[in-house]
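Biologist: I'd like to learn how to read a structure like this one. Could you walk me through it, feature by feature?

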Amino acid sequence: MHFSALFYCKIQLVPENTILFAKSGMSILKNRVYKTTHEAYIVNHLAAIICSNEIEPDYLYYFFRANPPSRLVLDSSYPSIRLSDIGEIDIDLPSKAIQKKISKLLKQAEEIIFKRKAQIEALDQLTQSVFLEVFGDPATNPKKWPMGFIKDLALKTQYGTSKKASEDTGKYPILRMNNITYEGHWDLTDLKYVDLDDKEVEKYLVHKGELLFNRTNSKELVGKTAVYRFEKPMAFAGYLVKLIPNEKANAEFISAYLNSKYGKSILFSMAKNIVGMANINAEELKSIKIYIPPKQLQDQFAEIVQKIESQRELFKKGLVELEKNFNSLMQRVFKGELFND
């Protein structure tokens with residue numbers, strides 16, 4: 001079957017159940033496909049497919065999820081898709097009854113993924129809830145902890161290496177600003193590598209229990225903070241600051257403080273814009289005010305965080321497997337291996 005009802009204009013009103021995806025720009029390569037849930041105006045870099053009565057919108061939506069539009073890109077240096085090429089895509093079109101069965105099956109499978117993601121998000125919220133329960137809101141310090149500065153909790157701070165990283169060669173994986181998430185976790189799906197000599201190893205490796213702080217990024221993202229929780233050390237890049245806590249502090253406490261709603265607001269207010277990027281240097285990081293609870297209480301909090309993180313890692317591994325199975329299921333469905341008219 002060939003598609004029709006494709007159009008190109010600056011702004012266009014499309015009906016409910018229109019299938020949308022990018023047709024120009026680097027966003028094509030992300031292979032994101034959408035289905036409108038109501039009438040909507042769209043801009044001209046989107047391709048829109050309005051379904052005829054012969055095709056279920058959800059069926060077509062999942063078809064493009066299984067067969068990414070980026071395969072139509074002719075020039076990767078400036079990705080674009082011609083509307084005429086979209087219109088020439090062939091798709092096996094079973095009866096509407098089978099289309100509905102396929103859509104229902106895939107929706108049910110995807111719902112399990114959504115629930116797992118919600119569980120992971122709930123664990124993120126649990127960490128902050130425990131932080132507030134144990135230490136109190138940093139904005140008001142209801143438990144009257146003594147006040148100080150992050151420098152009072154730091155044994156040492158160190159900027160990362162400026163060495164050029166490689167895609168596939170180098171002794172040490174190197175952590176960069178994109179490897180720290182906004183919530184204070186690690187995304188290691190895109191790692192590069194670097195070699196360090198003996199003198200550089202001490203300076204530019206981060207070890208378990210130390211903290212990394214993203215000193216340069218957009219204003220919304222500068223100040224991303226995470227505790228390094230892995231056994232094997234990694235290198236870290238120049239846009240990051242390593243903080244080694246002293247005998248008064250546990251890095252999990254400092255990280256949770258900076259990742260709290262209050263901590264995020266402080267970081268946002270102090271970030272300085274420099275040529276389109278925001279910056280908070282190591283000295284400014286150390287100048288941030290912080291309450292200082294007893295180290296024993298911080299350690300107890302860190303033990304709770306460790307348990308939450310262990311559960312979160314199990315959920316993440318399960319999520320990877322669920323997504324893998326879902327993608328396999330989509331491929332089988334659209335190869336005609338599961339349903340027949």
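This is a predicted model: local features need pLDDT of at least 70, side-chain atom pairs count only at pLDDT 80 or more; totals for chains, interfaces and linings use all residues.

Biologist: How do I read an aromatic pair, and what kind of pair do Phe 131 and Phe 253 make?

Modeller: In general, you describe a pair of aromatic rings by the distance of the centres and the angle of the planes. Here the ring centres of Phe 131 and Phe 253 are 6.2 Å apart and the planes sit at 35°, so this pair is tilted. Phe 131 belongs to helix H3 and Phe 253 to helix H5 (residues 251-259), so the pair ties together parts that are 122 residues apart in sequence. Both Phe 131 and Phe 253 are buried.

Biologist: And what kind of pair is Trp 186 with Tyr 228?

Modeller: Their ring centres are 6.1 Å apart with the planes at 80°, so that one is edge-to-face. Trp 186 is in the loop between strand S8 (172-175) and S9, while Tyr 228 is in the loop between strand S13 (225-227) and S14, so parts 42 residues apart in sequence get tied together.

Biologist: Are Trp 186 and Tyr 228 buried or exposed?

Modeller: Buried means under 20% relative accessible area. Trp 186 has 8% relative accessibility, so Trp 186 counts as buried. Tyr 228 has 0%, so Tyr 228 counts as buried too.

Biologist: Which residues do ring pairs link into a cluster?

Modeller: The cluster is made of Phe 131, Phe 135, Phe 253, Tyr 257, Tyr 262, Tyr 291 and Phe 301.

Biologist: Okay, on to cores. Which residues touch the most other members in the largest nonpolar core?

Modeller: The general idea is that in soluble globular proteins, nonpolar side chains tend to be buried together. In this model the largest nonpolar core has 37 residues, and Ile 19, Leu 60, Phe 64, Ile 86, Leu 106 and Phe 334 touch the most other members. Strand S2 (19-22), strand S5 (46-49), helix H1 (57-66), H3 and H8 each give two or more residues to this core. H8 gives the most, with eight residues. There's also a second, separate core of 33 residues, and Phe 131, Ile 150, Ala 249 and Phe 301 are among its members.

Biologist: H3 and H8 keep coming up. At what angle do they pack?

Modeller: Helix H3 (residues 96-135) and helix H8 (residues 295-334) pack at about 170°, and their axes are 10 Å apart. Angles over 145 degrees count as roughly antiparallel, and H3 and H8 are therefore roughly antiparallel to each other. Sorted by class, their contact has 26 nonpolar, five polar and seven charged residues.

Biologist: Last one: sheets. What is the strand order in the open sheet of three strands?

Modeller: Strands of a sheet pair through backbone hydrogen bonds, either parallel or antiparallel. The order in this sheet is S3-S2-S5, with antiparallel pairing. Strand S3 (33-35) and S5 stand at the edges with a single partner strand each, so one side of each has no neighbour in the sheet. On average, neighbouring strands here are turned by 25° against each other, direction ignored. S2 and S3 are joined by three bridges, and the bridge partner of Ile 19 in S3 is Lys 35.

Biologist: What about the open sheet of four strands: which strands are at its edges?

Modeller: The order there is S9-S8-S14-S10, with mixed pairing. Strand S9 (192-194) and strand S10 (205-206) are the edge strands, each pairing on one side only. S10 pairs with strand S14 (residues 234-236) in the antiparallel sense over two bridges, and Leu 205 has Ala 235 as its bridge partner in S14.

Conventions: Residues are numbered from 1 along each chain as its sequence is written. Side-chain values use heavy atoms; hydrogens and water are left out. Axes are lines fitted to C-alpha atoms, for helices over the stretch in contact, and angles run from 0 to 180 degrees between N-to-C directions. Angles under 35 degrees count as roughly parallel, over 145 as roughly antiparallel, 65 to 115 as roughly perpendicular and the rest as oblique. Ala, Val, Leu, Ile, Met, Phe, Trp, Tyr, Cys and Pro count as nonpolar, Asp, Glu, Lys and Arg as charged, and the others, Gly among them, as polar. Two strands pair if DSSP finds at least two bridges between them. A nonpolar core is a set of buried Ala, Val, Leu, Ile, Met, Phe, Trp, Tyr and Cys residues joined through side-chain atoms within 4.5 Å. Buried means under 20% relative accessible area, exposed over 50%, partly exposed in between (1.4 Å probe, protein chains only). Rings of Phe, Tyr and Trp (its six-membered ring) pair if their centres lie within 6.5 Å; planes under 30 degrees apart count as stacked, over 60 as edge-to-face and the rest as tilted.
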